Amino acid sequence: MIDYAERGDLVNFKRLFFESDDHELMFWHVHKALKIAVKNRQVDIVKFIIADLHLCIDHEAFKYFLHLYLFGC
């Protein structure tokens, strides 16, 4: 999943996420994937994680993360 986020492969990222048996346990993978996608400026992955998965970015793990992303763009 992290490799797909790094490459910006949204199709396989979605497939892997939705084929998972327990989406709550996927939080760690999604968290890491978001950080990698931001680092590599993979807009489609970032949009999917935040908008489509409704990931709450108020979590302390994401503090200042989107600011860095927007600044980098």
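Which pattern does the chain follow when read along the sequence? The pattern is α-α-α-α-α. The chain has five helices and zero strands, where helices (H or I, at least four residues) and strands (E, at least two) are DSSP runs numbered from the N terminus. This is a predicted model, in which local features need pLDDT of at least 70 and side-chain atom pairs count only at pLDDT 80 or more, while totals for chains, interfaces and linings use all residues. Residues are numbered from 1 along each chain as its sequence is written, and side-chain values use heavy atoms, with hydrogens and water left out.

The chain has 73 residues, and 30% of them count as buried; buried means under 20% relative accessible area, exposed over 50%, and partly exposed in between, with a 1.4 Å probe and protein chains only. Taking contacts (heavy atoms within 4.5 Å) between residues at least 6 apart in sequence, 61% join residues at least 24 apart.

The aromatic side chains come next. A pair of aromatic rings is described by the distance of the centres and the angle of the planes. Rings of Phe, Tyr and Trp (its six-membered ring) pair if their centres lie within 6.5 Å; planes under 30 degrees apart count as stacked, over 60 as edge-to-face and the rest as tilted. A search of the whole structure finds three such pairs. In one of them, the ring centres of Phe 13 and Phe 48 are 5.9 Å apart and the planes stand at 90°, so this pair is edge-to-face. It links distant parts of the chain, since Phe 13 lies in helix α2 (residues 10-19) and Phe 48 in helix α4 (residues 43-52), 35 residues apart. Both Phe 13 and Phe 48 are buried. Phe 17 and Phe 18 also form an edge-to-face pair, with 5.2 Å from centre to centre and 80° between the planes. Phe 17 is buried, at a relative accessible area of 8%. Phe 13, Phe 17, Phe 18 and Phe 48 form one aromatic cluster.

What does Arg 15 form with Glu 19? The two residues form a salt bridge, with the closest N and O atoms 3.3 Å apart. The term requires a side-chain nitrogen of Lys or Arg within 4 Å of a carboxyl oxygen of Asp or Glu, and the count by this rule comes to one. Arg 15 and Glu 19 are four residues apart in helix α2, so about one helical turn separates them. Arg 15 is partly exposed, with a relative accessible area of 34%, whereas Glu 19 counts as exposed at 51%.
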